[in-house]
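Trainee: Hi! I'm new to this one, could you walk me through it?
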Amino acid sequence: MSPASSTEHELTAILEKVNKTHGPDFEDEPLTSSRHSWALEGIAGAVALLRGDAVLYVNLRWQSLTLARGPWRRLTERGQEEGPALLTLRSVVAAEVRAADSTPEDLARVSRYTYAGGHQQVEIGVRQVRADLTPRVVLVLARDITEQARQEEALEKERRALAEREHLRMLSEQASGIAHDLSSLLVAMKLRLELLQTRPGKQGEQETPAHVDTLLRIVADATTRLTRLRDFARQKPESPVEPVQLADVVRDAAEIARGELESRAAREGLSLRLDVDVPRMPLVESSAADLRCVFLNLLRNGRDAMPQGGTLRVRGHQTPGQVVITVEDEGTGIPEQHLLSIFQPFFTTKGQHGTGLGLSMAHEVVTRARGTLVASNRPEGGAVFTITLPSLRRTATGRGRASEYRSG
């Protein structure tokens with residue numbers, strides 16, 4: 001039974017009790033100040049019987065609730081506040097009685113309100129007792145549902161978590177087969193690129209065609225990512241990390257992204273520019289291939305966020321014990337309500353054009369490296385993604401011996 005139907009059923013039971021105690025005819029009821037009815041004391045909620053603006057009967061719970069601190073705000077089915085702030089319970093009931101005009105006499109109108117600064121919730125049910133009287137008689141039931149609302153919220157979170165885990169399970173089953181097929185294609189592509197790279201020139205010297213090195217790096221990174229995907233599908237642990245120079249990683253990602261930007265600019269007649277200024281900094285501990293995918297994903301997101309063109313800026317600097325990289329765009333920015341959800345799996349603002357996994361996987365890579373990835377909006381417009389990673393400090397272990405890297 002739904003909460004609304006439960007309240008309606010309870011109102012019907014209360015109405016029967018009121019009719020037995022006071023009779024169904026309210027024409028002779030005095031329109032004076034409220035009187036207390038012991039017949040309503042066994043009811044769990046706060047109950048009031050109203051005729052127009054006059055309160056005919058109330059129980060002690062209702063009298064206590066009238067002292068509750070406002071403002072009172074009506075809640076939508078999704079739990080969002082709507083409508084004006086009402087200062088008293090009397091104002092809430094008046095609004096609900098007016099809204100109940102369109103509700104059939106044998107049905108109840110049930111609404112939820114929050115009060116006490118949003119810390120408490122109450123469910124208010126209104127049902128007409130005698131619509132033919134002037135002023136008409138209505139029965140009001142108010143139940144505190146604060147704990148119930150918390151339980152419902154916890155259940156909804158658990159439901160979403162279960163659905164997400166099931167989605168990931170199904171995805172992992174498909175990922176293993178897809179990764180195997182794509183890996184075979186990449187192996188074949190890599191062999192042909194290597195043959196092209198080592199093909200002798202006219203004078204017997206090796207001649208490397210333009211972009212072959214970049215293409216080989218793309219194939220290597222794609223193979224690495226497919227291996228990660230296959231390991232994820234099989235629930236295998238992550239691969240070992242390595243010392244990484246972020247300047248090199250950003251340079252490689254920017255080289256790949258610049259070609260995509262130039263291609264889109266030429267195709268759509270836009271002005272798209274990539275401005276990179278990342279100096280060599282202390283090493284970090286992660287996977288170079290994974291971080292290249294992170295920066296490439298952020299650059300592609302920035303490109304997609306600039307439908308009218310603009311400049312993508314990548315900046316890097318170091319702080320004590322940390323390395324910081326920012327990726328900024330001049331696009332439409334991120335809606336404030338999405339800033340906390342943008343890294344959740346399957347959350348996307350691109351509709352059918354997005355999977356909702358790019359930023360989630362990027363966040364996972366950075367978190368695995370004990371870093372942070374934060375999204376925010378620029379005051380002048382556009383979004384900025386900030387990656388902060390702990391740097392490694394080099395510690396000499398002895399003369400003539402190799403150096404070790406330790407987290408700083």
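Mentor: β7 and strand β8 (residues 137–144) pair in the antiparallel sense, with eight bridges. Strands are DSSP E runs of at least two residues, helices are H or I runs of at least four, both numbered from the N terminus, and two strands pair if DSSP finds at least two bridges between them. This is a predicted model, where local features need pLDDT of at least 70, side-chain atom pairs count only at pLDDT 80 or more, and totals for chains, interfaces and linings use all residues. Residues are numbered from 1 along each chain as its sequence is written, and side-chain values use heavy atoms, with hydrogens and water left out.

Trainee: Which residue in β8 is the bridge partner of Val 122?
Mentor: That's Asp 144.

Trainee: And how do β6 and β7 pair?
Mentor: In the antiparallel sense, over eight bridges. Arg 109 stands opposite Val 126 in β7. The two strands, β6 and β7, form a hairpin with four residues between them, and Ala 116 in the turn has a positive phi of about 55 degrees.

Trainee: Why is β7 largely enclosed by the rest of the structure?
Mentor: Because nine of its eleven residues are buried, meaning under 20% relative accessible area with a 1.4 Å probe, protein chains only.

Trainee: New topic: what classes of residue line the second largest pocket?
Mentor: Five nonpolar, ten polar and twelve charged. Asp, Glu, Lys and Arg count as charged, Ala, Val, Leu, Ile, Met, Phe, Trp, Tyr, Cys and Pro as nonpolar, and the others, Gly among them, as polar.

Trainee: Which element gives the most to that lining?
Mentor: α4, with eight residues.

Note on methods:
Buried < 20%, exposed > 50% of the residue type's maximum accessible area, 1.4 Å probe, protein only.
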